Amino acid sequence: MLRKPDSIPASDVLIEDTLIEPYFITKSPTTGYTVYERIQTGKDKKQYIKTIGYFTNFAGCLRVIAKELINHKDKSHYTTIKEYIQAYNDIESRITSLTEV
């Protein structure tokens, strides 16, 4: 479902990072986490957000973002399994680096 970017409740915490773009996370004070994707559509390239999923923990958000990023990349053809796994490992490593304190 597409939503307007300003439709996120003001009470939600917004979690953004350039390493996970075009995705971002919100934390609701009552219902948990939501992962969204920023998209542009139509001739006028109007901005919307698309709900990717709802999660009870932050780790679940990061896992789904890693999976989405590997499939969202500009590259849609891998010539070997090794090449695909390397791309996934690179994304997973970037996301893991975000969680190191």
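Start by selecting Tyr 78: with a relative accessibility of 17%, this residue counts as buried. Here buried means under 20% relative accessible area, exposed means over 50%, and partly exposed is in between (1.4 Å probe, protein chains only). What you have open is a predicted model, in which local features need pLDDT of at least 70 and side-chain atom pairs count only at pLDDT 80 or more, while totals for chains, interfaces and linings use all residues. Residues are numbered from 1 along each chain as its sequence is written, and side-chain values use heavy atoms, with hydrogens and water left out.

Now the aromatic rings. The structure holds three aromatic pairs. Rings of Phe, Tyr and Trp (its six-membered ring) pair if their centres lie within 6.5 Å; planes under 30 degrees apart count as stacked, over 60 as edge-to-face and the rest as tilted. Phe 24 sits in strand 3 (residues 23–28) and Tyr 36 in strand 4 (residues 32–41), so the pair ties together parts that are 12 residues apart in sequence. Are these two residues buried or exposed? Phe 24 is buried, and so is Tyr 36.

Tyr 84 has 32% relative accessibility and counts as partly exposed.

One more ring to look at: Lys 27 lies over the face of Tyr 33, at 5.3 Å from the ring centre. (A charge sits over a ring if NZ of Lys or CZ of Arg is within 6 Å of the ring centre and within 35 degrees of the ring normal.)

Switch to cartoon view. The protein has two helices and five strands, and from the N terminus on the elements run β-β-β-β-β-α-α. Helices (H or I, at least four residues) and strands (E, at least two) are DSSP runs, numbered from the N terminus.

Two strands pair if DSSP finds at least two bridges between them.

Walk across the sheet:

- Strand 1 to strand 5: two bridges join these antiparallel strands; look for Leu 2 opposite Lys 50 in strand 5.
- Strand 5 to strand 4: nine bridges, again antiparallel, with Gln 40 opposite Gln 47 in strand 5.
- Strand 4 to strand 3: six bridges in the antiparallel sense, and Ser 28 stands opposite Gly 32 in strand 4.

Where does the chain turn between strand 4 and strand 5? Select Gly 42: this residue is in the turn of their hairpin, which has four residues between the strands, and its phi is positive at about 85 degrees.

Finally, zoom out. The C-alpha trace spans about 45 × 40 × 20 Å along its principal axes. Of the 101 residues, 33% count as buried.
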